[in-house]
Amino acid sequence: ASGHRYVQVGSFGDPANAARLIARLHAAGMPVASGKSGGLKIIAAGPFRSPSDLQRALGLVRGMGFADAYTRG
């Protein structure tokens, strides 16, 4: 995960689902970033400054039920 600063959590076609996830991540105390890819809204936690913070966030997000979450640059 060298150079990775974000945990990609999900991709949503429904803006309401994206908004709910953003609220859950904020409630868990995580910074949130989002973007668009085609017709999908991509939601990520981050950016994180250290590899340990990134791995901690990955574990927290997976513990929230997002088993497919992964780190990315």
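**Burial.** I looked up the buried share of the chain and found that 32% of the 73 residues of the protein count as buried. I note that the model is a predicted one.

**Dimensions.** I recorded the extent of the C-alpha trace along its principal axes as about 30 × 25 × 20 Å. I compared the radius of gyration with the value for a compact globule: 73 residues would give near 11 Å, and the protein has 11 Å, so the two agree.

**Secondary structure.** I listed two helices and four strands in the protein. Reading from the N terminus, I noted the order of elements as β-α-β-β-α-β.

**Contacts along the sequence.** I considered contacts between residues at least 6 apart in sequence. Of these contacts in the protein, 63% join residues at least 24 apart.

**Thr-71.** Where does Thr-71 lie? I located Thr-71 in strand β4, which covers residues 70-72. Is Thr-71 buried or exposed? Its relative accessible area is 15%, and the cut-off for buried is under 20%, so Thr-71 is classed as buried. Which side chain does the side chain of Thr-71 meet in a polar contact? I found the partner to be the side chain of His-4, at 2.9 Å.

Terms used:
Residues numbered from 1 in each chain as written. Predicted model: local features only at pLDDT ≥ 70, side-chain atom pairs only at ≥ 80, totals over all residues. Heavy atoms only, no water. Rg over C-alpha atoms; globule rule 2.2 N^0.38 Å. Buried < 20%, exposed > 50% of the residue type's maximum accessible area, 1.4 Å probe, protein only. Contact = heavy atoms within 4.5 Å. Polar contact = N/O pair within 3.5 Å; in protein donor to acceptor, adjacent residues only side chain to side chain.
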